[in-house]
Amino acid sequence: MNKFIFDVDGTLTPSRRGMDGDFQNFFLDFCYANDVYLVTGSDYAKTLEQVGPDVCEAVVRIYNCNGNDVWEKGVNVRTNDWIISEDAHEWLANKLTQSDYTVRTGLHFEHRPGLVNFSIVGRNADKDQRADYVAYDEISNERNIIAKEFNLKFPDLQATVGGETGIDIAPLGADKAQIIEDFDVDDKLYFFGDRMDPDGNDYTLSLEVDIARPIKRWQDTFEYLQWLQEMREAAE
């Protein structure tokens, strides 16, 4: 059976923002006609805010916090209660102090079920501040460098770059690929995500599915699903 898995930030929505109205209406119809799953580093409250309650009810399951907090139709199915160690937290705090990027907006550590999201600029950054950090990170490669250093320092943990400004920290193996355990071997899995590069938090799952489609912006997802619908209608 065909099953469709979608990342949220950058794949269904602009990063940290709500879903486009036209795409949301189209996507709802797609969910009604297909088995659809969401997998995201964000928590359920943020997913609900971004894609809306109708989409959250229409999908089969939502894997929040990279699969560490699982929801179905607004009901929590399971949650990972892992907490980061003090030494790993302190190491990241030192990186925050040492960073050459000087803007600090607060909420640099966001503790979620099964993971911690770490951000130099902070998750309180507004749209312009986020854009400024994205430009800085593209030049400095700061997040990838921090993640690689962290993984060498703490081999039992895993740091992956996610979204525009953050790094997800979790136990080794507690990443998006863990959701594969919930699917049958006969399922044909399609995965759409914007961070399928080896340093991104969509990478491990992209290796486990049948078809992985890298996305650069949410409009790419919209356009591909429209094309897919047209191909299906032409074949009927």
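How many residues lie between S8 and S9 in their hairpin, and which residue in the turn has a positive phi? Three residues separate the two strands, and Gly163 in the turn has a positive phi of about 65°. This is a predicted model, in which local features need pLDDT of at least 70, side-chain atom pairs count only at pLDDT 80 or more, and totals for chains, interfaces and linings use all residues. Residues are numbered from 1 along each chain as its sequence is written, and side-chain values use heavy atoms, with hydrogens and water left out.

**Strands around S9**
- Strand S8 (residues 157–162) pairs with S9 in the antiparallel sense over six bridges; strands are DSSP runs of E, at least two residues, numbered from the N terminus, and two strands pair if DSSP finds at least two bridges between them.
- Thr160 stands opposite Asp168 in S9.
- Strand S7 (residues 115–119) is also antiparallel to S9, with four bridges, and Phe118 has Ile167 as its bridge partner in S9.

**The open sheet**
- Seven strands form an open sheet of mixed pairing, ordered S5-S4-S3-S2-S1-S10-S11.
- Strands S5 (75–79) and S11 (211–214) stand at the edges with a single partner strand each, so one side of each has no neighbour in the sheet.
- Strands S1 (residues 2–6) and S2 (residues 35–39) run parallel and are joined by four bridges, with Val36 in S2 as the bridge partner of Phe4.
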